[in-house]
Amino acid sequence: MHLKFLRRIIFGCFVLLALSLLRLQIIQGPYFLQLSQNNRIKFVNLAAGRGIIYDRFGKVLANTRSCFNLAIIPQQTKDVQKLIEQISPHLGLSQDELLANFKRNLLAPFIPVVIAQDLPKEKAILLECKEAEIPGLLIQVVPLRDYPYAQSLGHILGYLGRTREKELTQSKDYGLRRQDLVGRSGMEETFDDYLRGEPGGMQVEVNSRGYQVKLLGSKQPQSGGELVLTIWAELQELVDDLLAEEIGACIVLNPQNGEVLSLVSKPSFDPNLFIAALNGKQPESRRVQRLLNSQEAVLLNRAISGMYPPGSIFKIVTACAALENEKITTKTSFFCPGSLRLGGRDFLCWKLDGHGNEDIFSGIRHSCNVFFYNSGLALGADKLTLYAHKFGFGSFTGIELPYQAQGLVPSKAWKLKTYREKWYDGETANFSIGQGYLLATPLQVARMVSAVANGGNLIQPHLVKKIAQQELVVSRKDLGLKKETIKAIKTGMRQVIQTSDGTGHKASIASIEWAGKTATAQAASGVAHGWFVGFYPVEQPEVLVLVFLEHGGSGGEAPARIAKSIMQYVIEQHRGER
Amino acid sequence: MIRSRLKNFDVILFLVTILIFTIGLAFLYSATYQLAQGFLLRQLLRFAFGVLIGIVIFKIDYQKWLELAYPLYGLNLVILVLVLILGEHRMGAQRWISWGNIGFQPAEFSKLVIILVLTRYLGERPAQGRGLLSKELLLCFLLTGIPFILIVQQPDLGTALTLIPILFAVLYIWGASLKTLLLILGTGIFASPIFWHLLKDYQKRRILVFINPNMDPLGAGYTIIQSKIAIGSGGLLGKGWLSGTQSQLNFLPERHTDFIFSVVGEEWGFLGALLLLLLYGILIWRAFAIAQATSSLSGRLLAAGIIVLIAFQVIVNIAMTMGVMPVVGLPLPLISHGGSALLTFLVALAMLLNIGMNRSIL
């Protein structure tokens, strides 16, 4: 009797055990299976190196090199404080700093925490030898972006930054991950996908201490694609040096095919700073913060994103339109008394005592406002608008850089729409000398001048010479201009430099002849903007140089001198090549 | 005579014992082959030694052991006191007595000795409508209480706890009324907060962690969590012998001793774990058959004590690996690595077989 009761109790317990087993293994089985998988399988990311960017001669502009990081694996470290004490003397970093880095970067016990980045190779090797004796210490080799030309190519290459939360959700399907670096501005941004490559990874079976037991599978990272730019790195450096502390932009391009040899915007920045800041280096982080908040808009690429009145350089468009529409001929001349009275207001020439009789050649040579007021008024605003558009103003140049400005080409309709006001003749006058509402980026100006220089073809300025081993062919658009028109303007432009009374005579180079145009464009406030643009050879030009100095004063002075130095260098190198 | 005696030999009990031990060996191998060699050999040697002792025990009529119960009990108390004075510390407790290379845990044998002494004492005094607090009841509590306190002092909570169901089961089979026993049990539970203060810190922590394993996932709770993951991830059919990731990759601590059932659950799955449970069930079923076939009171009491000794450890051990009971550190009978426990179980089973053999004599 009592025995049976005892048996019932015991077998009752057995049934309960069986039911518990059923719950744990069958009902909750999949859940625990997942937990056991998580226990044993870890995914180790293998970063892909970004694609290398070369200049036209094969010089490396953006590199990916191996960098050594020092990491701590928390779950293998008994005493982080002690480990840091041990390694701190080898690193030359204070214990507090290392500990702060550790606390900031700690994610999970099995994920290595990087506490010092980009160690010198000798130190990395020394510490790697200690990995065995100091458990939890790890030297990681990761690809690191490196920009050998530093700040001289900052605006072209751009810089890298961490993925933003919004981008993560937007591009989840493209495999962008939290740790990934993405291009911010410049080529790094435009060709981000192409350059980034495909990160790899290893699926590793680990034991309870996190040590690798077995490699379950791996995918090698795929380096990003290579890019060959039209940039000429040495020239770029020279231009960067020449502009030094100026604020402005300079573009050197081939006016025949639109290949940009150099594109500089000042002030510039060193993209390596951003890499160092990402790697947690404090002084660099502070400098990056200063860059981002600077009054001078350091990160603005003035060559493509700055919008300025083109001033007298626009007279080329006015001249072209007037000649094409037969409002003037090469024989036409206007008398310049120093100003033109229009609607009760005096529109001044820059030379207040007047140029006297001016034809198209001397008009360009002297940059006589009155000649172009008259030409513009003869044309009318609509034609000026049409020709401005024809020469690419008011539309993107097509260069492979983000954040381009479109510029502004005014028209009668535009004014009505914007200001609810009719167009005045005075505005036509201003328009014809490149002032007033008209705004353009330096690259748009260079593009317009190229069209004249190459005999009437609108080029597409570009920076990519080769992508994915493919040479790029960039077309240009024939504007259908008359040969005589081009010839007349070019003659005028040659005189700008080559004759002693030309506004750009300071750009003349002893042994050669070249053509150009200056502009001293009134700014909304402060000193005028100085422009100079020139090309060589006059007949079949191969090089065009544009210098723009923000509030830089007369275009015939500093801009002309800088352009001269650049042109001299290009010609010398060209001869040397031969 | 010999023939009839052979007929009484419980072959099923014997074979099931061998089978459970063999399965145990397989999992002991799985749990330890990566750690070090020798676990298997040591366990086999112990088993061989245990079987030899078992044969001796089996040959001797259990009544002889009952006659020796009082001196054995006295000797056991002396040894338990000696453990507290001379004992070796292992894993934070003082449970071991060493003799050369061989160490043993006297507390393991105490369980059997207490069953013997209770059987001896009660077997001579049939229960017939005794009151709530009879002399026998008090004396039995005293007989169990002294070694209980000595064992708690070591501390070996698991072994000490085993004594309680043994005492209650033996008293119940002897004839104490269920009401009386439940009343005593209730009082004991009511008074348990007093015992809480007697517990060592690590024991308190274990009980707290049982209530919430995530309280201390890397400390005391770690074992429970990893053990649940191991068993749960085994699913219906398991990951295969030697292929349990939890055990083979060392996520599961104590897997060759108290947590060996987790290895079985992980590698053989629900069906394998159920098979093992079934084998233990058959073992206990046969033990009950022997107890029922015995006409002598002392035979029945002794059998009941041994049944509870084995059943309680099976139930508590498996329950704790599944996280449904606190981790109290009880080995899984016949499977967990450890000599003293294995020897105790083999001796107990031999005694049980002997009780079965002697049923036709009386």
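Predicted model: local features only at pLDDT ≥ 70, side-chain atom pairs only at ≥ 80, totals over all residues.
In what sense, parallel or antiparallel, do β21(A) and strand β22 of chain A pair, and over how many bridges? The pairing is antiparallel and runs over seven bridges, with β22(A) spanning residues 529–536.

## The five-stranded sheet of chain A

Strands β21 and β22 of chain A are part of an open sheet of five strands, whose order is β12-β11-β23-β22-β21. The pairing in this sheet is antiparallel. At its edges stand β12 (260–266) and β21 (515–521) of chain A, each of which pairs on one side only. On average, neighbouring strands of the sheet are turned by 5° against each other, direction ignored. Strands of a sheet pair through backbone hydrogen bonds, in either a parallel or an antiparallel arrangement. Within the pair formed by β21(A) and β22(A), T520(A) stands opposite G530(A) in β22(A).

Helix α10 of chain A, residues 233–243, lies across β11 (248–253), β12 and β23 (543–549) of chain A. The helix runs at about 30° to β12(A).

## Further strand pairs and a hairpin

Strand β18 of chain A, residues 464–467, takes part in two pairings described here. With strand β10 (residues 227–229) of chain A, β18(A) pairs in the antiparallel sense over three bridges. In this pair, L229(A) stands opposite V464(A) in β18(A).

With strand β19 (residues 470–471) of chain A, β18(A) again pairs in the antiparallel sense, here over two bridges. K466(A) stands opposite E471(A) in β19(A). The hairpin of β18(A) and β19(A) has two residues between the strands, and A468(A) takes a positive phi near 50° in this hairpin.

## Backbone features in the loops

P537(A) is located in the loop between β22 and β23 of chain A.

A positive phi also occurs at E326(A), where the value is about 55° although the residue is not a glycine. E326(A) lies in the loop between α14 (315–324) and β13 (333–336) of chain A.

## Salt bridges

Over all chains, the count comes to 26 salt bridges. One of these links D192(A) with R50(A), the closest N and O atoms being 2.9 Å apart. D192(A) lies in helix α9 (residues 192–196) of chain A, whereas R50(A) lies in the loop between β1 (41–46) and β2 (53–54) of chain A, so the pair ties together parts that are 142 residues apart in sequence. Side chains of opposite charge can pair when their charged atoms come close.

## The interface between chains A and B

Contact between the two chains involves 31 residues of chain A and 47 residues of chain B. The size of an interface is often expressed as the accessible area lost when the parts come together. Between chain A and chain B, the buried area is about 3300 Å², and carbon and sulfur atoms give 79% of this area. In chain A, the residues that lose the most area to chain B are L3(A), F14(A) and Q25(A), which together account for 20% of what that side buries.

Across this interface, zero salt bridges are found, while five residue pairs are in polar contact. The elements α1 (2–27), α2 (29–40) and β8 (200–206) of chain A each supply at least two residues of the side that touches chain B. Of the side of chain A that touches chain B, α1(A) gives the most, with 19 residues. By residue class, this side of chain A divides into 18 nonpolar, eight polar and five charged residues.

Key
Residues numbered from 1 in each chain as written. Chains lettered and ligands numbered in written order. Heavy atoms only, no water. Contact = heavy atoms within 4.5 Å. Buried area = accessible area lost by both parts, 1.4 Å probe. Salt bridge = Lys/Arg side-chain N within 4 Å of Asp/Glu carboxyl O. Polar contact = N/O pair within 3.5 Å; in protein donor to acceptor, adjacent residues only side chain to side chain. Helix = DSSP H or I, 4+ residues; strand = E, 2+ residues; numbered from the N terminus. Nonpolar A, V, L, I, M, F, W, Y, C, P; charged D, E, K, R; others polar. Pairing = 2+ DSSP bridges. Axes fitted to C-alpha atoms, helices over the stretch in contact; angles between N-to-C directions.
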